[in-house]
Amino acid sequence: MSEDPTNGYGNLAQENQELRYRLQEAEELITAIRTGAVDALAVQGADGPQIFTLQSADQGYRTLIEQMNEGALLLSHDATILYCNACLAGWLKRGLEEVIGASFGSFVPASFQAYCAELVAQGWTGKGKGELPLQVADGSLLPSSVSMNLLAFNDTPVLAVIVTDLSAQEKIKAIQALVAEKNALIAHKNEELKRQEAEWLLMEQAAAETRRILEGIPQIAWTADSEGRVTYFNGRWFDYVGQKRELPTMQWLHPQYLHPDDVTPVKACWEHCLQTGNAFEIECRFRDQAGNYRWMLGRALPSRFETGEIVQWVGTCTDIHEQKLAQERIDQAQKLLQENNEQLKRINADLDNFIYTASHDLKAPINNIEGLLHALLSELPADIVSNEEVQPLTDMMQDSVDRFKRTIEHLTEVIKLQKENNQPITPVNLKTIIKEILLDLTPLLRESAVQLDIDVQTCPTVNFSEKNLRSVVYNLLSNAIKYRSSERPPYVRIRCRSVDDYAVLDVQDNGLGLNTVDNSKLFSMFQRFHDHVEGTGIGLYMVKKIMENAGGRIEVTSELGMGSTFTAYFKQ
């Protein structure tokens with residue numbers, strides 16, 4: 001069956017039209033290539049699309065972009081990379097085929113995606129610029145600065161991106177920071193050197209001033225460095241040792257100057273001070289120009305920097321020879337005094353023993369005499385005993401025996417006082433003791449009808465032997481009553497007070513009074529001023545001894561015929 005000619009013509013016309021369209025597209029492509037509108041072709045092959053670039057009139061510009069040391073990109077509106085130069089691909093350690101066609105965001109770390117989108121958005125609005133790290137193929141990050149500008153490429157808007165590697169700049173910054181640090185250190189060292197130079201200048205000035213002052217003092221003066229080497233002597237040293245200033249001076253610790261017995265201890269002390277920085281002080285003997293050794297007091301103090309480091313030592317040697325000899329004489333005198341005291345103690349002990357023995361041995365004979373007297377009186381007839389000539393004699397004999405017995409008793413009391421010097425010291429209420437003594441003296445108070453003025457409310461507690469305190473108070477109060485005047489009513493005032501470190505007891509009376517021209521006799525043993533009143537003259541002696549042994553004292557003010565005031569000072 002034959003084909004319909006109408007259908008064959010229609011198919012031929014359709015094919016012809018398709019060929020015309022293809023021809024037109026080819027002509028448009030050739031025109032685009034010729035005009036430079038297309039610089040690369042993407043051809044689909046068995047291994048995928050391949051990019052073929054074309055040489056055109058703007059080849060010089062392309063070469064410039066390819067060879068510059070900055071990265072270059074062209075981005076589409078969806079951030080697809082339309083173009084990338086070899087420099088940026090090299091930085092990213094990727095081939096161009098891996099970069100072109102990829103998304104720009106795929107080379108930005110996740111933590112910078114938002115910032116990257118913000119920069120891209122700024123670029124599409126005009127210009128955008130910032131710093132952004134890019135992900136390198138080996139996983140490292142490339143610090144970079146990106147600058148984005150909107151361009152029209154063949155009437156198509158694209159985003160041109162210039163990428164600058166900041167790695168070198170960061171290295172330069174690190175180097176600059178290191179250089180700045182070194183410069184600052186050098187500047188600090190220079191300032192330190194200037195400060196030290198100023199300090200040394202001040203030290204030199206101070207040293208000159210110090211030497212000027214040291215030259216004017218009467219003592220030997222010297223300076224030494226921190227190692228102990230002497231750097232200066234004033235004129236007194238050269239005058240002492242007999243050297244000239246221009247001659248080299250040995251160390252002052254040299255055996256040539258020091259006494260042989262002092263060399264070792266002085267050197268040991270000086271070495272210790274150099275090691276510890278403590279002040280140096282020692283007494284030693286130096287030989288003068290005549291060869292005589294004189295005692296010197298050597299002293300030295302360290303001079304320090306603000307940091308505490310020792311700069312030098314400044315010392316003096318003061319002549320103490322006369323004082324040393326005087327001290328030796330004092331020591332000898334004290335030793336002799338101590339020996340004398342020991343001898344006196346032995347003598348006192350012997351005297352005490354003698355008095356005690358004598359008083360003990362005398363008691364029997366006097367008792368025998370008293371017994372014989374009584375036996376004689378009992379044998380004699382009563383008329384003879386009462387005879388005007390006999391009775392006064394027997395009374396005188398009895399009175400002598402009684403006085404002798406009282407003297408023996410008082411000697412015994414003195415011995416007891418000496419032996420009881422170390423009585424136990426306890427706090428004693430003075431007010432209580434006074435009241436108890438007044439009770440003991442009640443018969444005497446009634447007999448004398450004495451008027452008492454007692455002010456003992458403020459009497460303090462004193463540290464004293466209670467037994468000795470009773471003896472002191474009893475003697476003072478009993479004497480005030482016994483030595484009353486018959487010309488006026490007796491009056492006794494007792495009061496307590498405090499004076500400095502003493503508790504003071506005043507006993508005042510309006511009695512017979514004393515002639516106190518020579519108070520030393522008043523407190524002597526067996527000293528009496530009023531013989532018509534019974535007494536032995538031992539009481540005030542014992543009061544004085546007791547008070548002095550306890551660190552106190554007894555004083556008296558008196559006027560004959562007017563009365564007396566005894567003042568006892570008890571050490572608190």
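## Basis of the description

The model is predicted, so local features need pLDDT of at least 70 and side-chain atom pairs count only at pLDDT 80 or more, while totals for chains, interfaces and linings use all residues. Residues are numbered from 1 along each chain as its sequence is written, and side-chain values use heavy atoms, with hydrogens and water left out.

## The nonpolar cores

A nonpolar core is a set of buried Ala, Val, Leu, Ile, Met, Phe, Trp, Tyr and Cys residues joined through side-chain atoms within 4.5 Å. Buried means under 20% relative accessible area, exposed over 50%, and partly exposed in between (1.4 Å probe, protein chains only). The largest such core has 36 residues, and those touching the most other members are L430, I434, L469, V473, L505 and F570. Among the elements that give two or more residues to this core are α12 (430-440), α14 (466-482), β17 (502-509) and β19 (563-571). Helix α14 gives the most, with seven residues. Helices (H or I, at least four residues) and strands (E, at least two) are DSSP runs numbered from the N terminus.

Contact means heavy atoms within 4.5 Å. Leaving aside neighbours within four places in sequence, F570 is in contact with residues including L430, V462, L469, L505 and M547. A second, separate core of 26 residues includes I81, L132, V136 and M148.

## Selected positions

S465 lies in the loop between β15 and α14 and is buried, with a relative accessible area of 4%. The C-alpha atoms of S465 and A550 are separated by 8.6 Å, although the two residues are 85 apart along the chain.

V556, in strand β18, is also buried, at 11% relative accessibility. In α16, the buried residues include L540, V543, I546 and M547. Just after α16, G551 takes a positive phi of about 85 degrees.

## The five-stranded sheet

Five strands form an open sheet in the order β4-β3-β7-β6-β5, with antiparallel pairing; two strands pair if DSSP finds at least two bridges between them. Strands β4 (81-84) and β5 (127-135) stand at the edges with a single partner strand each, so one side of each has no neighbour in the sheet. The twist averages 30 degrees from one strand to the next.

Strands β6 (residues 141-153) and β7 (residues 156-165) pair in the antiparallel sense over 10 bridges. Helix α5 (residues 113-125) lies across β3 (71-75), β5, β6 and β7, running at about 150 degrees to β5. Axes are lines fitted to C-alpha atoms, for helices over the stretch in contact, and angles run from 0 to 180 degrees between N-to-C directions.
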